[in-house]
Amino acid sequence: MARPEKEAIVAEVKDRFTRAKAVILSDYRGLNVAEITELRKRLREAGMEYKVVKNTLATLAARQAAIEGLEKYLVGPIAMAFSYEDPVAPAKVLANFAREFRKLELKAGILEGKVIGEAEVKALAELPSREQLLAMVLGALQAPLRGLATVLA
């Protein structure tokens, strides 16, 4: 690849790193074309992008975006899921896909500009959705009032 093309890719990946609320790195070895297509479809339906980027170019982009500690996870074939809205969504989609196909391996992630390891990505995938959390808070707020109304009745 010519140098201007590489610089353009680095600038594009840097822009994605800075705009994304969450980026999840995964090792896609062992997945066939149909499975990767299905994964891309699921991610696209959830409003995310799934890109394969050369490790050296991703390292340069991470340095330019002031993301430290990502280099140690950029070993072997790595694909990145970028989410610009929901920081939990890519972890959930990839974790569900990994449970289903067993070949996809979650490596690490970037959450709001900070690098997180595999354990943190899996913990992120187990979190309830924003809507579920709001429903739980609302239920906790209503419980005392409901109890008072029941006692008074």
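These are legends for a set of close-up views of one predicted model.

**Before you look**

Residues are numbered from 1 along each chain as its sequence is written, and side-chain values use heavy atoms, with hydrogens and water left out. Since the model is predicted, local features need pLDDT of at least 70 and side-chain atom pairs count only at pLDDT 80 or more, while totals for chains, interfaces and linings use all residues.

**View 1. Helix 2 meets helix 4.**

Two packed helices are described by the angle between their axes and the distance between the axes. Here the axes of helix 2 (residues 33-45) and helix 4 (residues 89-101) come within 10 Å and cross at roughly 150°. That makes helix 2 roughly antiparallel to helix 4. A word on terms: helices (H or I, at least four residues) and strands (E, at least two) are DSSP runs, numbered from the N terminus. Axes are lines fitted to C-alpha atoms, for helices over the stretch in contact, and angles run from 0 to 180 degrees between N-to-C directions. Angles under 35 degrees count as roughly parallel, over 145 as roughly antiparallel, 65 to 115 as roughly perpendicular and the rest as oblique. Which residues make the contact of helix 2 with helix 4? From helix 2 come Glu35, Glu38, Leu39, Arg42 and Leu43, and from helix 4 come Val93, Leu94, Phe97, Glu100 and Phe101 (contact means heavy atoms within 4.5 Å). Sorted by class, they give six nonpolar, no polar and four charged residues. For that sorting, Ala, Val, Leu, Ile, Met, Phe, Trp, Tyr, Cys and Pro count as nonpolar, Asp, Glu, Lys and Arg as charged, and the others, Gly among them, as polar.

**View 2. Zooming in on Glu35.**

Glu35 sits in helix 2. Is Glu35 buried or exposed? With a relative accessible area of 12%, Glu35 is buried (buried means under 20% relative accessible area, exposed over 50%, partly exposed in between, using a 1.4 Å probe and protein chains only). Skip its neighbours within four places in sequence, and Glu35 is in contact with Gly30, Phe97, Phe101 and Lys103.

Look for Arg42 and Glu100, which form a salt bridge with their closest N and O atoms 3.0 Å apart (a salt bridge is a side-chain nitrogen of Lys or Arg within 4 Å of a carboxyl oxygen of Asp or Glu). This pair links distant parts of the chain, with Arg42 in helix 2 and Glu100 in helix 4, 58 residues apart. Arg42 is partly exposed at 21% relative accessibility, and Glu100 is partly exposed at 48%. By this salt-bridge rule, the count comes to 13.

**View 3. Helix 4 packs against helix 5.**

The axes of helix 4 and helix 5 are 8 Å apart, and the two helices pack at an angle of about 100°. That makes helix 4 roughly perpendicular to helix 5. On the helix 4 side you'll find Ala91, Lys92, Ala95 and Arg99, which meet Val121, Leu124, Ala125 and Glu126 in helix 5. By class, this contact has five nonpolar, no polar and three charged residues.

Within this view, Glu126 and Arg99 form a salt bridge, with the closest N and O atoms 3.1 Å apart. Glu126 lies in helix 5 (residues 118-126) and Arg99 in helix 4, so to speak a link across 27 residues of chain. Glu126 is exposed at 56% relative accessible area, whereas Arg99 is partly exposed at 43%.

Asp15 and Arg19 meet through their side chains in a salt bridge (3.1 Å, N to O). Both lie in helix 1 (residues 3-19), four residues apart, about one turn of the helix. Asp15 is partly exposed at 37%, and so is Arg19 at 45%. Salt bridges also link Glu12, Arg16 and Glu49 in a network.

**View 4. Ala66 and its phi.**

Most residues other than glycine have a negative phi. What is phi of Ala66 near? Near 60°, a positive value in a residue other than glycine. Ala66 is in the loop between helix 3 (55-64) and strand 3 (79-83), and is exposed, with a relative accessible area of 60%.
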